[in-house]
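Have the model open while you read.

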Amino acid sequence: MPSTPSKAQLMELLAHSVSTHYADFTSAAADLSLTASQAKTLSVLRRAPASMRSLAHTLACDASNMTGIIDRLEKRDLVHREVSSTDRRVKNVALTETGEKAIDTIRERMEQTQTGLDKLSEEERTELFRLLTVVFPH
């Protein structure tokens, strides 16, 4: 391995990492009978409740598709809709306790990702976190 990887090499490794992570995530979600889109929605909502419009934008999907995803999650008691405290015309979506447990279970069942992260020392995890937040600020 070269001492200083090129941007192309880093991008290739990131692409491989993302696709491996996504496959792991999708498989763990399927174990709970959730689609990848449904699980991604739960993951986004794990951070904070969000409006339907914001969810559609974050997940890069059409608003009508987002409505269907939320309807199916709501039927399983994984999310609930609530009126925004700042604008009564806006409906926010929030995780239920069952939804929180579901996304936590998905993350726990991501075997490849968990195994990879387990190989890192505390210092390496801290550095990886720092570097990822530099490259992908949130």
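## A question to start

Which residue just after helix 4 takes a positive phi? That's Asp77, with a phi of about 60 degrees. Helices here (H or I, at least four residues) and strands (E, at least two) are DSSP runs, numbered from the N terminus.

Before going on, a word on the ground rules. This is a predicted model, where local features need pLDDT of at least 70 and side-chain atom pairs count only at pLDDT 80 or more, while totals for chains, interfaces and linings use all residues. Residues are numbered from 1 along each chain as its sequence is written, and side-chain values use heavy atoms, with hydrogens and water left out.

## Overall layout

The chain has seven helices and three strands, running in the order α-α-β-α-α-β-β-α-α-α. Its C-alpha trace spans about 55 × 30 × 25 Å along the principal axes. Of the 138 residues, 28% are buried (under 20% relative accessible area; exposed means over 50%, partly exposed in between, with a 1.4 Å probe and protein chains only).

Contacts are heavy atoms within 4.5 Å. Among those between residues at least 6 apart in sequence, 50% join residues at least 24 apart.

Leu42 is one of the buried residues of helix 2, along with Ala36, Gln38, Ala39, Thr41, Ser43, Val44 and Leu45. Leaving out residues up to four places away in sequence, Leu42 touches Leu34, Leu73, Leu78, Val79, Leu95, Gly99, Ala102 and Ile103.

## Helix 2 against helix 4

The axes of these two helices come within 10 Å and cross at roughly 80 degrees. That makes helix 2 roughly perpendicular to helix 4 (65 to 115 degrees; under 35 is roughly parallel, over 145 roughly antiparallel, and the rest oblique). Axes are lines fitted to C-alpha atoms, for helices over the stretch in contact, with angles from 0 to 180 degrees between N-to-C directions. Ser37, Gln38, Thr41 and Leu42 of helix 2 meet Met66, Ile69, Ile70, Arg72 and Leu73 of helix 4.

On the helix 4 side, Met66, Gly68, Ile69, Ile70 and Leu73 are buried. The cover over the buried residues of helix 4 includes helix 2, helix 3, strand 2 (79-83) and strand 3.

## Helix 1 against helix 6

Helix 1 (residues 7-31) and helix 6 (residues 111-118) have axes that come within 7 Å and cross at roughly 125 degrees. That makes helix 1 oblique to helix 6. Thr20, His21 and Asp24 of helix 1 make the contact with Glu111, Gln112 and Thr113 of helix 6.

## Two loop residues with positive phi

Most residues other than glycine have a negative phi. Ser33 isn't a glycine, yet has a positive phi of about 60 degrees. Ser33 sits in the loop between helix 1 and helix 2 and is exposed, with a relative accessible area of 58%.

Ala60 isn't a glycine either, and has a positive phi of about 50 degrees. Ala60 lies in the loop between helix 3 and helix 4, exposed at a relative accessible area of 69%.
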